[in-house]
Amino acid sequence: MCIRDRYMGISYNYFLREGLMKVTSIILLSLAFAAISAQVIQIVPVVSSTRTATCPGGFQPSSCGCGLKCGSTHMTFGRKKQCHCQCVPTDWSVAHCMQLRTEQNIDMGLVVTEAHTSTLYATCPAGTKATGCSCGNTRGDYLIHNQVTCQCLTADSGWTKAYCAKPADARYELHCQYRKVAANPVTATPGLIAVGCSCGNSCNSYTLANNQCNCHPGCGSTWTAINECRVAKTPAAIAAEQAAAAAAKRAAEEAARQAAAAAAKRAAEEAARQAAAAAAAAAAKRAAEEAARQAAAAAAAKKAAEEAARKKAAEEAARQAAAAAAAKKAAEEAAKRAAAAAAAAAQRAAEEAARRSCKKETLQRRLLKKLLDKLPLPLLLLLQRELLKKLLDKLPLPLRRSCQISCRCRCKEGC
């Protein structure tokens, strides 16, 4: 609110305004350090309620801004690194303080100079880049060409200043680009850091924070320009580093080769010593193995003899057992054959006796049949009755009665 109201020309009590400006400077400084602490280029805006803004230790002013649309500034680069607004009155000033750091976060130093001419153009010396410009007669709109030349756009500016910077470390250089667009605000290109701004319509009232240029709306600016830079190693430094790396590589390879040769020599000597020790150990081992082999051969011969004797005794016992088993088997076989012969003889005798009995019975039957065929019928019937009676006498009583009744019935029927 304080800066905006100052833009609009409102007066405040001096002490209140001084306190607010100091608080604003502290806040902007803290935010800038927190936001860009990891970047190679660091830009810190320092705002003052007077015509002079001083950069902190280790920082150099890269561009300046003034209140009340004042575009005429002057920088000092001695013991005090300051931006000084040359317009009277001017209710505030801002110094955009820059610091360059290496990849290892070490301050590489920054050299800032001022190129001053009485024309509309001011060109930076070789090896430097324009980070900001200033125009006379309170004019504030300018352009930067080819990273090195400042051009004031108002013909009656009277003089032109170019603020030129380069890294103190000769191995590095600045690469910048100046972009003019119709939009507002303008944010720096990724990978680049905004180091200065410019606004159209002779307006130099802007803020540079969070890597962004913002022209104040009260100025009536028709365009916004941003000067953005990065730090890079010079081709000579890159070539020197590559040469140093190559030399270091060659030295390392030579050292490695020498170390390898020494190691190979030590390894050969150690191998020879180990080979001699191994040969002696091998000879001792062969002798021990030969003794062990002979002892093993003697033990094997003894064991073979014992085994042969045991095997021979076992074979003899087996032979005798086999002979006994064969004799027993022969006896059993003979007994079986004798029993079979006796059984066959008995069977043949029985068969012969049965055959003779059958033959005799058959003969008796034939004789009886012939005899019966010759008997008269009455005598034959009488004989049948006698035989039947004897048969009935031998039957049980109930069966005998049944047969008698049956016989009577048959006799009555004419038997």
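View 1. The structure is a predicted model, in which local features need pLDDT of at least 70 and side-chain atom pairs count only at pLDDT 80 or more, while totals for chains, interfaces and linings use all residues. Residues are numbered from 1 along each chain as its sequence is written, and side-chain values use heavy atoms, with hydrogens and water left out. The charged end of K161 sits over the ring of W159, 4.9 Å from its centre, and K180 lies over the face of W223, at 4.5 Å from the ring centre; a charge sits over a ring if NZ of Lys or CZ of Arg is within 6 Å of the ring centre and within 35 degrees of the ring normal.

**View 2. Strand β6 and its two partners.** Eight of the eight residues of β6 (residues 93-100) are buried, so this strand is largely enclosed by the rest of the structure; buried means under 20% relative accessible area, exposed over 50% and partly exposed in between (1.4 Å probe, protein chains only). Strands (E, at least two residues) and helices (H or I, at least four) are DSSP runs, numbered from the N terminus. In a regular strand the side chains alternate between the two faces of the sheet. Both faces of β6 are covered, with S93, A95, C97 and Q99 buried on one side and V94, H96, M98 and L100 buried on the other. Strand β1 (residues 41-48) runs antiparallel to β6 and is joined to it by eight bridges, with V46 opposite A95. Six bridges join β3 (residues 60-66) to β6, again in antiparallel fashion, and the bridge partner of C66 in β6 is S93. Two strands pair if DSSP finds at least two bridges between them.

**View 3. The open sheet of β14, β17 and β16.** Three strands form this open sheet in the order β14-β17-β16, with antiparallel pairing. Its edge strands are β14 (186-187) and β16 (206-209), each of which pairs on one side only. Four bridges join β16 to the antiparallel strand β17 (residues 212-215), and L208 stands opposite C213 in β17.

**View 4. A170 in its loop.** A170 is found in the loop between β12 (160-167) and β13 (172-181). With a relative accessibility of 68%, A170 counts as exposed. The C-alpha atoms of A170 and G127 are separated by 9.6 Å, although these residues are 43 residues apart along the chain.
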